[in-house]
Amino acid sequence: ENYPPQPVGDRLVVLPYWNAEQTDGRLPVILDPGLTFGTGAHPSTQMVMENMERLVKSGDACLDLGSGSGILSIAALRLGAKKVIAVEKGTRQMKAPLRFDERIDLHEKTDIFEFVLTEKPDVILADVSFVSLADVLYYAKRNLARRKTEFIVMLKPQFEARAEQLNKGIVKNEKMRREIIKDFEFWLKRNRFLVINKRDNE
């Protein structure tokens, strides 16, 4: 009862495995809420999934950078992706049965900046921590994407901030947070990313 179904967007619902039948006609993203992270409760994760509803199409190949528990990988499959390449620096975060799903190509203990692909994906998802998203996107655009690849990413300002903008790893105030976001958007334009949609969970 502590983990009721969470409708996301127009088509998805995140729910624990013991309530797997309570979909209310939506596409189920079934997780183990016992995991510390990746339960789908965070608003920013839900906003990524809402954008995935619009951009992930049937038959797409998706690349999930910083896949963690695999919530975005599950959502991509539910939305019709034929394959998800999941890249994670940690290990054993994605649990069974998902980690053994033949549609998931899981790469654990893998440095994003050393990862290579022969077949470029239709959509790249990125939810990374303790590394600059700008650095990840710079590498991904040049090495992992094709010209028409769509990106759906989650910006975490504390990992883009300069040292003087942080207090014990946290962005000092709202003004600085806004400045970091503005600087990141300028970086995107300078590096020829076309921003189609953006949302702030604050």
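Two strands pair if DSSP finds at least two bridges between them. Helices (H or I, at least four residues) and strands (E, at least two) are DSSP runs, numbered from the N terminus. The model shown here is predicted, so local features need pLDDT of at least 70 and side-chain atom pairs 80 or more, while totals for chains, interfaces and linings use all residues. Residues are numbered from 1 along each chain as its sequence is written, and side-chain values use heavy atoms, without hydrogens or water.

**View 1**
Let's start with strand β1 (residues 6-8), which is joined to β2 by three bridges, the two strands running antiparallel.

**View 2. Strand β2, covered on both faces.**
Strand β2 spans residues 12-16, and five of its five residues are buried (buried means under 20% relative accessible area, exposed over 50%, partly exposed in between, with a 1.4 Å probe and protein chains only). L12, V14 and P16 sit on one side of β2, and V13 and L15 sit on the other. Both of these faces are covered.

**View 3. The open sheet of three strands.**
In this sheet the strand order is β1-β2-β3, and the pairing is mixed. β1 and β3 are the edge strands, each pairing on one side only. Neighbouring strands are turned by 30° against each other on average, with direction ignored (axes are lines fitted to C-alpha atoms, for helices over the stretch in contact, and angles run from 0 to 180 degrees between N-to-C directions). Strand β3 covers residues 27-31 and is linked to β2 by five bridges, running parallel to β2. Look for P16, which stands opposite L31 in β3.

**View 4. Two helices on the three-stranded sheet.**
Helix α1 (residues 43-55) lies across β1 and β2 and runs at about 45° to β1. Helix α2 also packs on this sheet, where α2 touches β2 and β3 (contact means heavy atoms within 4.5 Å). The direction of α2 makes about 155° with that of β3.

**View 5. The open sheet of five strands.**
Follow the order β6-β5-β4-β7-β8 across this open sheet, in which the pairing is parallel. β6 (104-107) and β8 (150-153) are at the edges with a single partner strand each, so one side of each has no neighbour in the sheet. From one strand to the next the twist averages 15°. Close in on strand β7 (residues 123-126), which pairs with β8 in the parallel sense over four bridges. There, L125 is opposite I152 of β8.

**View 6. Helices α2 and α3 against the five strands.**
Helix α2 (residues 71-78) touches β4 (61-65), β5 (83-87), β6 and β7. The direction of α2 makes about 170° with that of β5. Helix α3 (residues 133-143) lies across β4, β7 and β8, and α3 runs at about 165° to β8.

**View 7. Where α3 meets α4.**
The axes of α3 and helix α4 (residues 174-190) come within 11 Å and cross at roughly 10°. On the α3 side, the contact is made by L133, A134, L137 and Y138. On the α4 side, F184, W187 and L188 take part. Helix α4 also holds R177, an arginine that counts as buried at 11% relative accessibility.

**View 8. Backbone features in two loops.**
The peptide bond from A96 to P97 is cis, with omega near 0°. For R92, phi is near 60°, a positive value in a residue other than glycine. Now move to the loop between β6 and β7, where K109 lies. K109 is not a glycine, yet its phi is positive, at about 50°. With a relative accessible area of 67%, K109 is exposed.
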